Amino acid sequence: MSDLLSVDFMQRALIAALLVGTVAPMVGIFLVQRRLSLIGDGMGHVALAGVALGLVTGAAPVLTALVAAVIAAVVIELLRTRGRTNGDVALAVIFYGGIAGGVVIISKSPEGTPANLMKYLFGSILTTQRGDLYVFAGLAVLIAVTTWALRPRLFAVANDEEYARAVGIPVLPLNIVLAVLTATTVVVAMRVVGLLLISALMIVPNAASQLIARSFSSGLRWAIAFGLVSSVGGVALSYPLNTPSGGTIVLLAVGLFVVTAVVTGIMSRLGGRRHAVTETHPHEHGVECGHLAVTHGDHVDYLHDGHLHAAHEGHYDEHGGPHDHAPDTTTATTASTRGTRP
């Protein structure tokens with residue numbers, strides 16, 4: 001690890017990975033909520049046309065890619081909201097047109113070699129310069145601050161757009177902001193994981209977080225954690241393994257998702273065996289129900305039709321028969337004689 005941190009280009013690569021691993025899941029969580037998981041991939045196609053324009057004109061490819069992606073993001077959102085063309089068709093036309101235009105334009109550039117094209121398509125984090133890092137850091141801070149400040153409204157729109165509109169939330173401006181944040185994230189990440197792989201870093205950590213999170217806030221925290229482990233860990237692994245950093249990052253993210261899915265699946269099965277739920281139970285137990293009430297740890301079970309039921313979050317859990325923890329005279333009474341309900 002000390003050798004890794006002593007190399008200048010690896011220091012820059014790890015900082016860039018840290019930035020991307022933080023902001024990509026922050027934006028991606030809203031795309032997952034809106035079922036727009038592949039929009040980042042499409043934005044990458046459009047950004048490639050911006051990169052090509054930068055190489056042809058001699059401008060900074062990062063800035064021209066940012067301009068192209070932001071313009072496309074706004075146009076896509078307006079077409080999706082107000083256009084007559086089907087939203088999916090409009091996305092396809094813009095995305096495929098973007099990548100085709102990028103390939104044609106970049107072929108006319110003196111720097112339009114396959115190597116240059118590949119480093120933008122699949123990432124080339126080890127070639128990140130100090131100037132690039134400053135630009136990426138500024139954009140990453142802008143993405144993080146904007147997303148954090150607007151997260152309650154962005155969540156409301158992503159969760160139920162019609163309800164958000166009904167209560168007066170400005171849906172269209174927020175959708176445009178999210179589209180622009182997505183485009184900016186794509187540009188920030190294009191040298192880290194590549195334009196064709198960035199969508200994975202926005203989506204896969206969020207997919208993994210949804211398996212273990214119990215709320216939006218915890219889901220966001222878990223997604224950022226998974227994103228950081230994937231990005232920083234992928235860069236660190238790519239150096240000794242001599243593998244492309246972008247592909248290594250994505251494979252590590254996918255691996256984390258698979259491990260999380262397997263572990264949560266096993267825990268769910270084990271928990272399900274210990275936590276049998278009475279799915280249909282029309283009878284409501286309580287003070288006047290007349291069934292035997294049995295104190296069991298920190299709760300009360302009710303003996304009903306040979307089964308012990310315990311109220312739990314709007315349903316009744318099955319806790320076995322009376323032989324499993326038989327009542328005695330000190331812990332069991334009929335519910336009709338209890339003064340208060342626990």
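Modeller: Buried means under 20% relative accessible area, exposed over 50%, and partly exposed in between, with a 1.4 Å probe and protein chains only. The model is predicted: local features need pLDDT of at least 70, side-chain atom pairs count only at pLDDT 80 or more, and totals for chains, interfaces and linings use all residues. Residues are numbered from 1 along each chain as its sequence is written, and side-chain values use heavy atoms, with hydrogens and water left out.

Biologist: Is Gly-40 buried or exposed?

Modeller: Gly-40 lies in helix H3, where helices (H or I, at least four residues) and strands (E, at least two) are DSSP runs numbered from the N terminus. The relative accessible area of Gly-40 is 0%, so the residue counts as buried.

Biologist: How many Å apart in space are Gly-40 and Ala-183, C-alpha to C-alpha?

Modeller: Along the sequence, Gly-40 and Ala-183 are 143 residues apart. In space, the C-alpha atoms of Gly-40 and Ala-183 are separated by 7.3 Å.

Biologist: What separates the C-alpha atoms of Gly-98 and Val-46?

Modeller: Gly-98 is found in helix H5, residues 87-107. Gly-98 has a relative accessible area of 8% and is therefore buried. Val-46 is 52 residues away from Gly-98 along the chain, yet the C-alpha separation is 4.2 Å.

Biologist: How many cavities of 30 Å³ or more does a search of the whole structure find?

Modeller: On a 1 Å grid over the protein atoms alone, a cavity is a set of points where a 1.4 Å probe fits but cannot get out, and lining residues have an atom within 4 Å of a point. With a threshold of 30 Å³ or more, the count for the whole structure is 1.

Biologist: What volume does the largest cavity have?

Modeller: Grid points are joined across faces, edges and corners, and the volume is the space filled by probe spheres set on the points. For the largest cavity this gives about 70 Å³.

Biologist: From which element does the largest share of the lining of the largest cavity come?

Modeller: The lining includes Leu-31, Ile-39, Met-43, Ala-73, Glu-77, Arg-80, Leu-178 and Thr-182. Two or more residues each come from helix H3 (39-57), helix H4 (61-82) and helix H9 (171-189). The largest share, 4 residues, belongs to H4.

Biologist: How many charged residues does the lining of the largest cavity have?

Modeller: Ala, Val, Leu, Ile, Met, Phe, Trp, Tyr, Cys and Pro count as nonpolar, Asp, Glu, Lys and Arg as charged, and the others, Gly among them, as polar. On that basis the lining has 8 nonpolar residues and 1 polar residue, and the number of charged residues is 3.

Biologist: Why are Glu-161 and Arg-165 separated by about one helical turn?

Modeller: Glu-161 and Arg-165 both belong to helix H8, residues 161-166. The spacing is about one helical turn because the two residues are apart in that helix by 4 residues.

Biologist: What phi does Asn-242 have?

Modeller: Asn-242 lies in the loop between H11 and helix H12 (245-274), and is exposed, with a relative accessible area of 70%. Most residues other than glycine have a negative phi. Asn-242 is not a glycine, but its phi is positive, at about 55°.

Biologist: How far apart are the C-alpha atoms of Arg-153 and Val-171?

Modeller: Arg-153 lies in helix H7, residues 130-159, and counts as partly exposed at 42% relative accessibility. Val-171 is 18 residues from Arg-153 along the chain, and the C-alpha atoms are separated by 8.8 Å.

Terms used:
1 Å grid on protein atoms, 1.4 Å probe; cavity = no way out; pocket = protein on both sides within 12 Å on 5 of 7 lines; lining within 4 Å.
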